[in-house]
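Here is a friendly walk through one protein model. Keep the picture open beside the text as you read.

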Amino acid sequence: MLFENVDIIDERFEHQLNRWVGVCDGFITYVGDKAPADAASFGERYDGRGKLLMSALYNAHTHSSMTLLRGYAENLPLQIWLNEKVFPFEAKMMPEDCYWGTLLSCAEMARFGVVSFSDMYYHMDHVARAVEESGLKANLCDDLLALNGERLDDLPLRATVDQLISEVHGRGGGRVLIDCGVHSEYTTNPGAVADMAEYAAKHGLRMQLHCSETRLEREECKRRHDGMTPIKYFESLGVLDLPTTAAHCVWVDDEDIRIMVERGVSVAANPVSNMKLGSGFAPIARMLEAGVNVCVGTDGMASNNNYDMLQDLYVLALISKGSMLDPSVVSPKQVLFAGTRAGALSQGRDDCGLIAVGMRADLCVLDVTGPSWTPMTNPLFNVVFAGHGSDVVLTMCDGRVVYRDGEWPTVDVERAKAEVTARTNRIIGQL
Ligand SMILES: [Zn+2]
């Protein structure tokens, strides 16, 4: 495909007018201010007038199967939400429920310009099947839960992850990757966490965690582990020796932030989920200033409840300014970087998340002709503060169109909606 005469957000996250962007064999092969000499060799020519082309979005933390729980458990504090509502529902979920939940998630993400996500859950072979079929990308981990002092070798998880590595890792031309995961400090024990870190190091895998989501989690962690905060605790067990994405990091201090910078930890901020569950406001401005790779996650659909990531970016900017009492912190450029390139880097996808020659063609096109986009005095501010996921008219992942003008070429959305509704009703009927 050759995008013609299209305004873009370039690799420096600056707005450029009237560009030509060529895509061939899944990669961006041309970016210029005039048509390439070999313009005739491209397939479709896409008229970019009235459109804005930017990197697609990377959702750095979610639980895609949880689409089934959208709207199921509301207005509850996190521990009650988790223990009394979410865990009992999840105990009834079958592999095919995860497949359909994920497939619907993929369709919704594609609709909102998201091409890739990091996911912690179970039945990951079925989740992977949905990702592969949808044409999206994902870093999947079946995360460690070890509440009763078990070590990794005592748990069925060990064999599950072995199998995921040998059968799923790298599928879909590298679109599906397997990570290791630790659910959280409060659902595991130190021995098992250290085992998981050692296992990940041995297999060269990345790590995903929930970390310092609530004040209670932080205080109880300190009480249980000689005053160590969750970040220090994970560092002490070797987890941060791995390329790690720590979701939430709402309750972190300057020492935690220093460790995250030193260890190259990516923080998946989940601003909407953290507010919805009343967990607080992560110190995004301080983390960015210190040099943390801050990326953005939606979290699962029980705590968001949608995949419109432009909303999450909007909220990220607003809470940062509001909580710091400073409108100059966390610029639109930083927000867009967090939603795109930083997310790709957190997944180890170094050739993703920028519009530049040689990068993978993960792109989204926004229709910018609507009233809320006018005038285009500062397009970056318009994207973050006036844009909506519903402005996305085309989403491309590795050069393949996964959403365009109300249609999903890779997913039967009506079927996925019907399956998710029926499966949710079945589980609620069993509870
Ligand atoms: Zn989560």
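## A look around the model

The side chains of Asp253 and Arg218 meet in a salt bridge, with N and O 3.0 Å apart. A salt bridge here is a side-chain nitrogen of Lys or Arg within 4 Å of a carboxyl oxygen of Asp or Glu. Asp253 lies in the loop between strand 12 (244-248) and helix 8 (254-263), and Arg218 lies in helix 6 (residues 215-224), so the pair ties together parts that are 35 residues apart in sequence. Asp253 is partly exposed, with a relative accessible area of 25%. Arg218, at 10% relative accessibility, counts as buried. For these words, buried means under 20% relative accessible area, exposed means over 50%, and partly exposed is in between (1.4 Å probe, protein chains only).

Before going on, please note that this is a predicted model, in which local features need pLDDT of at least 70, side-chain atom pairs count only at pLDDT 80 or more, and totals for chains, interfaces and linings use all residues. Residues are numbered from 1 along each chain as its sequence is written, and side-chain values use heavy atoms, with hydrogens and water left out.

### Salt bridges

How many salt bridges does the structure hold? There are 33 salt bridges.

| Pair | N to O distance |
|---|---|
| Lys137 and Asp362 | 2.7 Å |
| Lys137 and Asp398 | 2.7 Å |
| Asp253 and Arg218 | 3.0 Å |

Lys137 forms a salt bridge with Asp362. This pair links distant parts of the chain, 225 residues apart: Lys137 is in strand 8 (residues 137-142), and Asp362 is in the loop between helix 13 (341-346) and strand 15 (363-367). Both Lys137 and Asp362 are buried. Lys137 has 1% relative accessibility. Helices (H or I, at least four residues) and strands (E, at least two) are DSSP runs, numbered from the N terminus.

### The zinc site

Which residues coordinate the zinc ion? They are His61 (NE2), His63 (NE2), His210 (NE2) and Asp299 (OD), at 2.1 to 2.6 Å. Donors are N, O and S atoms within 2.8 Å of the metal (3.2 Å for Na, K and Ca); water is not among the atoms, so sites may look incomplete. Along the chain, the donors follow the spacing H-x1-H-x146-H-x88-D. His210 lies in strand 11 (residues 207-211) and Asp299 in the loop between strand 14 (293-296) and helix 11 (309-324), so this pair ties together parts that are 89 residues apart in sequence. Both His210 and Asp299 are buried.

### Helix 3 and its cover

Helix 3 (residues 124-134) has several buried residues, including Met124, His126, Val127 and Val131. The elements that cover the buried residues of helix 3 include helix 2 (95-111), strand 7 (114-121), strand 8 and helix 4 (157-167). Contact means heavy atoms within 4.5 Å. After helix 3 comes Gly135, whose phi is positive, near 90°.

### The whole chain

Now step back. The protein chain has 15 helices and 17 strands. Buried residues make up 61% of its 431 residues. Along the principal axes, the C-alpha trace spans about 65 × 45 × 40 Å. Among contacts with a separation of 6 or more, 73% are between residues 24 or more positions apart.
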